[in-house]
Amino acid sequence: MNLQALTLSLPDEDATTALAERLAPLLSGQVPGVPTGGRIHLHGDLGAGKTHFVRALLRACGVTGRIKSPSYALLESYKVSSLYFYHLDFYRFSDPREWVDAGFRDILQDNAVVLIEWPEKAGDLLPEPDLDLHLDYCGDGRLATLDARSAKGTLWITTLAPSLQK
């Protein structure tokens, strides 16, 4: 099975948390044969659940303590064992070059977990993510679309799909 995209109904925050918890082992090196790290771009309107998803993912990867939104600081970083996690939020950017001027290019390492909210604010200056995650309002819940953009992203989706579609 070689999936490129997966769409899921998330009826509530608990379902969003569960999706993040299922994805976490794939990014943090807990699944044999799946390389550690990766880049996820998160898309969705204000309040769609992007930051909630990131917090749940970081928690499931072993981040302890307070997990802050990077809305004002632009970047929050965490380290669990030898794995770095970077959570960026480009919502406040008015020019695509601002992310380059801020010096973030150096953290886009393949072996780190890089989570970017509002990546469209950087225009086409960002490298392609492994996975695009779109969270769209759907009644009281959300519709999540996971779209693989790399071989690693495809591996994540094909690994996740059987357990999520039950």
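**Figure 1. Tryptophan 118, a buried residue with a positive phi.** In this predicted model, tryptophan 118 has a relative accessibility of 13% and therefore counts as buried, the limit being under 20%. Its backbone phi is positive, at about 60°, although tryptophan 118 is not a glycine. The residue is placed in the loop that runs between strand 5 (113–117) and strand 6 (131–138).

**Figure 2. The largest pocket.** The space in the largest pocket amounts to about 160 Å³. Twelve residues line this pocket, and those closest to its centre are Leu46, Gly47, Thr51, Glu117 and Trp118. By residue class, the lining of the largest pocket consists of four nonpolar, four polar and four charged residues.

Figure 3. The largest nonpolar core comprises 38 residues, of which Leu23, Ile40, Phe53, Leu57 and Leu146 touch the most other members. Helix 1 (residues 13–27) gives the most to this core, contributing seven residues. Another core, of 13 residues, lies apart from it and includes Phe93, Ile107, Trp118 and Leu126. In soluble globular proteins, nonpolar side chains tend to be buried together.

**Figure 4. Contacts of leucine 146.** Leucine 146 is one of the residues that touch the most other members of the largest nonpolar core. When residues up to four places away in sequence are not counted, leucine 146 touches Gln4, Ala5, Leu6, Leu8, Leu19, Leu131, Asp132, Leu133, Ile157 and Leu160.

**Figure 5. The stacked pair of tyrosine 84 and tyrosine 86.** The count of aromatic pairs comes to one. This pair joins tyrosine 84 and tyrosine 86, with 6.1 Å from centre to centre. The angle between the planes is 5°, so the pair counts as stacked, for which the planes must be under 30 degrees apart. Tyrosine 84 is partly exposed, at a relative accessible area of 35%, whereas tyrosine 86 counts as buried, at 11% relative accessibility.

**Figure 6. Serine 81, an exposed residue with a positive phi.** Serine 81 is found in the loop between strand 3 (75–80) and strand 4 (83–89). Although serine 81 is not a glycine, its phi is positive, at about 60°. Its relative accessibility is 68%, and serine 81 therefore counts as exposed, the limit being over 50%. Tryptophan 118 likewise has a positive phi of about 60°, but that residue counts as buried.

Terms used: Residues are numbered from 1 along each chain as its sequence is written. This is a predicted model: local features need pLDDT of at least 70, side-chain atom pairs count only at pLDDT 80 or more; totals for chains, interfaces and linings use all residues. Side-chain values use heavy atoms; hydrogens and water are left out. On a 1 Å grid over the protein atoms alone, a cavity is a set of points where a 1.4 Å probe fits but cannot get out, and a pocket is an open set with protein on both sides within 12 Å along at least five of seven lines; lining residues have an atom within 4 Å of a point. Grid points are joined across faces, edges and corners, and a volume is the space filled by probe spheres set on the points. Ala, Val, Leu, Ile, Met, Phe, Trp, Tyr, Cys and Pro count as nonpolar, Asp, Glu, Lys and Arg as charged, and the others, Gly among them, as polar. A nonpolar core is a set of buried Ala, Val, Leu, Ile, Met, Phe, Trp, Tyr and Cys residues joined through side-chain atoms within 4.5 Å. Buried means under 20% relative accessible area, exposed over 50%, partly exposed in between (1.4 Å probe, protein chains only). Helices (H or I, at least four residues) and strands (E, at least two) are DSSP runs, numbered from the N terminus. Contact means heavy atoms within 4.5 Å. Rings of Phe, Tyr and Trp (its six-membered ring) pair if their centres lie within 6.5 Å; planes under 30 degrees apart count as stacked, over 60 as edge-to-face and the rest as tilted.
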